[in-house]
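Welcome! Here is a short briefing to read alongside the structure, arranged by topic.

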Amino acid sequence: MNSAELVVTSSPHVRSEDSVPKIMWSVVIALLPAFFASVYFFSARAISIVLAGIAGAVISEYIFQKVRGKKITITDGSAVVTGLLLALTLPPTIPLWATFLGGVVAIVIGKQVFGGIGHNPFNPALIGRAFMVAAYPVLMTDWAVDGVSTATPLALMKSDGIATDTWRLFVGQIGGSLGETSALALLLGFSFLLYKGYVNWRIPLSMISTVFLMTFIFGQNPVFHIFAGGLMIGALYMATDMVSSPTTKLGRYIFGIGAGVIVVVIRLWGGYSEGVLFAILLMNAAVPLINRYTRPRSLGEVK
Amino acid sequence: MKALTFKQGIHPSYNKELTKDKPLKNAKRPEEVLIPIKQHIGAPLDLLVKKGDQVDLGQKIADSESFVCAPIHASVSGKVKEIRKVTDPGGNTVDAVVIEASAEEDEKLVSNLEKHQNLDNLSPDDIRKIVREAGIVGLGGAMFPSHVKLAVPEDKNVEYVILNGAECEPYLTVDHRVMVERPNAIVFGLKALMKAVNAEKGLIGIEDNKMEAVESMQDAVADETNIEVKLVETKYPQGGEKMLIEALLEREVPVGGLPLDIEVVVNNTSTAAAVADAIREGKPLIERSISITGRGIESPCNLIFRIGTKLADLVEQAGGLKENAAKVIAGGPMMGAAQKNLDVPAVKGTSGLLVMLADEVEDFDPDPCINCAKCVDHCPMYLMPTTLIKYAKNNMVEKLEEYQILNCIECGSCSYVCPSKIPLVHYLRLGKSQAMAKRREEK
Ligand code: SF4
Ligand code: SF4
């Protein structure tokens with residue numbers, strides 16, 4: 001060995017095993033229980049919807065990067081996460097073409113125009129969903145279980161004041177989007193991410209607690225509210241999107257509480273029966289501000 | 001005993017098994033030493049010898065009138081072959097005295113230090129003088145002149161002297177060996193340090209992955225009423241001065257301040273042993289211990305080497321580099337400096353020589369920051385590394401100051417955890433130099 005070949009780089013000389021692809025693919029794994037649950041509850045159609053969502057996201061990322069002459073990053077798993085997450089928030093009756101388009105919008109408008117991974121201020125999957133809610137309002141509210149159209153528990157609650165049985169809510173035997181319905185499956189995957197250290201718990205904890213407390217205070221059934229609709233998937237997997245959430249611990253609490261408050265305000269007094277989408281997008285917009293005002297006190301600093 | 005600790009930090013692989021049971025051995029006396037004439041943080045020194053001079057072991061070869069400096073002594077007897085520029089392990093180009101060793105039989109220690117078997121007849125001032133004359137600096141790697149730390153201003157009081165035996169850098173086992181083999185020297189040194197600053201209490205903080213050292217030190221302090229061994233959690237950077245103080249005393253060193261501001265003085269355990277050697281044997285700092293370790297070295301070991309020994313000589317005594325060795329680091333993997341070649345002298349602050357194999361040396365191609373906040377969540381100084389490097393890249397000095405960049409201890413925890421493999425410390429250093437430059441301008 002010739003010492004002229006020694007590698008010289010700056011310290012530290014060892015790194016942890018974590019990497020962006022590892023994190024992203026772990027999120028995919030974490031979403032598998034919810035995916036399987038959706039197949040169980042909504043039959044094989046769930047599979048086609050998920051594939052359409054992922055295809056829209058991955059193919060558009062590939063084409064966008066190819067055209068712009070950028071490094072192709074589709075193998076890092078982040079586009080797959082976006083497509084999968086988006087698909088899991090869609091109703092089982094959604095046409096495949098619309099799902100595909102949603103995936104395209106999520107990646108192109110939600111992520112690539114901002115400069116790709118790490119630069120998107122909003123959660124791309126939510127941008128895709130927001131686009132679909134605006135473009136296809138009818139398709140987006142056609143819910144069904146076992147081929148029979150039903151209203152979602154939240155809609156039932158809002159229009160008729162009917163509360164769905166809590167246990168059915170928890171396991172997911174209800175009308176709703178593909179992956180939103182089974183809180184059990186979502187929590188299972190989340191605990192895997194928590195174990196890996198790939199997700200922060202402050203946002204979901206504060207967001208869900210806020211919804212629980214507020215609905216309780218306003219005389220609603222708080223258990224119903226935390227398991228119904230998109231709150232679980234939103235709080236566990238969308239609000240926690242690293243790129244578009246705060247970097248400080250205090251900031252994450254504020255983000256979660258803020259999102260929780262907005263969810264309840266929309267659910268109880270707004271025009272929509274569900275408010276998770278807009279709650280998270282609004283809080284995404286506030287992230288730079290939250291980061292700025294929640295800088296931790298450095299050791300020995302007198303603030 | 002419950003292990004104390006600080007908040008945040010990381011858990012890298014420690015790899016101490018390679019050398020932790022290898023007793024300290026004297027390295028071969030080198031044929032030639034390159035002694036840089038600045039091995040401390042502070043003022044430059046004046047040369048006291050010239051080409052052709054005969055020097056004795058322990059003879060002072062450089063010193064200065066300045067307060068913040070540490071003199072340098074010949075680490076072998078012999079002839080000054082030349083004075084030339086060398087690169088030190090930190091990558092700085094410095095003047096060095098090159099001494100060609102004479103026959104070993106002729107070697108005897110000359111020293112202007114008197115020997116004292118106990119501290120009774122020594123005043124705090126005497127102790128400080130000995131520490132200064134012996135050229136002792138922080139052996140943990142910082143190389144800050146030790147006597148300066150012992151100069152307590154009139155209006156300050158010191159409650160604790162803490163000895164840092166955490167040795168949190170992965171791989172390194174020098175302090176561990178010294179604690180196992182020379183506990184009494186460490187305790188003697190600690191008492192001298194306590195006397196020098198008039199401190200009531202002494203603490204020795206040791207990570208709980210070094211139980212052999214803990215037991216050894218506990219035995220040594222069994223009869224001491226005011227000295228205690230404290231267990232600290234094995235977590236990086238537990239051995240950072242501020243982290244150790246936080247763990248042991250729950251006190252925070254103020255930003256820009258010193259441990260002295262909170263009535264604490266911290267020294268490394270090996271430094272304490274060097275202080276004992278200076279007082280009891282009249283021996284200046286002419287040698288120190290080093291761990292030569294890593295998967296890329298044939299026979300990992302712990303050696304006591306003469307200051308100025310070339311890295312190549314040390315590598316040779318550890319069996320040489322393996323075929324596919326790719327990186328040689330002076331120090332540990334977290335804060336050590338990679339070396340271009342092995343003609344570099346090991347100095348007072350060189351506590352380790354780590355050799356990594358090609359397959360351990362990754363060629364990182366950083367991804368964009370994904371805002372995961374792992375760097376923020378693990379920074380022991382509660383900084384926001386991801387935000388700081390954005391300001392550093394854009395030379396936004398005011399923001400860097402507001403976000404306390406100068407409080408960064410360059411521990412590398414942020415770079416370590418970053419999933420995007422961004423060289424955060426590299427940019428943090430850049431940012432620190434921008435902030436320092438502004439400070440200097442303002443003065
Ligand atoms: S910012 Fe500085 S102190 Fe904090 S982890 Fe990084 S190197 Fe260490
Ligand atoms: S750890 Fe790396 S990727 Fe994560 S926030 Fe810090 S700099 Fe960004």
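Across the interface of chain A and chain B, 24 residue pairs are in polar contact, with both residues of each pair at pLDDT 80 or more. A polar contact is a pair of N or O atoms within 3.5 Å; within protein, one must be able to donate a hydrogen and the other to accept it, and residues adjacent in sequence count only if both atoms are side-chain atoms. This is a predicted model, in which local features need pLDDT of at least 70 and side-chain atom pairs count only at pLDDT 80 or more, while totals for chains, interfaces and linings use all residues. Residues are numbered from 1 along each chain as its sequence is written, chains are lettered from A and ligands numbered from 1 in the order in which they are written, and side-chain values use heavy atoms, with hydrogens and water left out.

**Where chain A meets chain B**

- On the chain A side, the elements that give two or more residues to the contact are helix 1 (20-42), helix 12 (249-269) and helix 13 (276-293); helices (H or I, at least four residues) and strands (E, at least two) are DSSP runs, numbered from the N terminus.
- That side of chain A has 14 nonpolar, 16 polar and 11 charged residues, where Ala, Val, Leu, Ile, Met, Phe, Trp, Tyr, Cys and Pro count as nonpolar, Asp, Glu, Lys and Arg as charged, and the others, Gly among them, as polar.
- Chain A brings 41 residues to the contact and chain B brings 63, contact meaning heavy atoms within 4.5 Å.
- The size of an interface is often given as the accessible area lost when the parts come together.
- Chain A and chain B bury about 4,300 Å² between them, and carbon and sulfur atoms give 57% of this area; buried area is the accessible area (1.4 Å probe) that two parts lose on being put together, summed over both.

**Salt bridges and a residue at the chain contact**

- Side chains of opposite charge can pair when their charged atoms come close.
- There are 4 salt bridges between chain A and chain B, a salt bridge being a side-chain nitrogen of Lys or Arg within 4 Å of a carboxyl oxygen of Asp or Glu.
- Asp18(A) forms a salt bridge with Lys374(B), and their closest N and O atoms are 3.5 Å apart.
- Over all chains, a search of the whole structure finds 40 salt bridges.
- Leaving out residues up to four places away in sequence, Asp377(B) touches Thr247(A), Lys249(A), Arg252(A) and Gln8(B).
- The side chains of Asp377(B) and Arg252(A) make a polar contact at 3.2 Å.
- Asp377(B) and Cys414(B) are 37 residues apart in sequence, and their C-alpha atoms are 8.8 Å apart in space.

**Around the ligands**

- Ligand 1 is surrounded by 13 residues, and the closest are Cys379(B), Cys408(B), Cys411(B), Gly412(B) and Cys414(B); a residue is near a molecule or strand if one of its heavy atoms lies within 4 Å of it.
- The shell around ligand 1 divides into 10 nonpolar, 2 polar and 1 charged.
- Around ligand 2 the residues include Cys369(B), Cys372(B), Cys375(B) and Cys418(B).
- The shell around ligand 2 has 9 nonpolar, 3 polar and no charged residues.

**Two domains in chain B**

- Chain B is divided into domain 1 (16-20 + 123-281) and domain 2 (374-442), with bounds that come from an automatic or database domain assignment.
- The C-alpha centres of domain 1 and domain 2 of chain B lie 28 Å apart.
- In chain B, 6 residues of domain 1 are in contact with 8 residues of domain 2.
- The two domains of chain B bury about 610 Å² between them, 59% of it on carbon and sulfur atoms.
- Tyr236(B), Met243(B) and Val255(B) supply 55% of the area that domain 1 of chain B buries against domain 2 of chain B, more than any other three residues.
- Between domain 1 and domain 2 of chain B the rule finds 0 salt bridges.

**Backbone details**

- The peptide bond from Tyr236(B) to Pro237(B) is cis, with omega near -10 degrees.
- The peptide bond from Ser11(A) to Pro12(A) is cis, with omega near -5 degrees.
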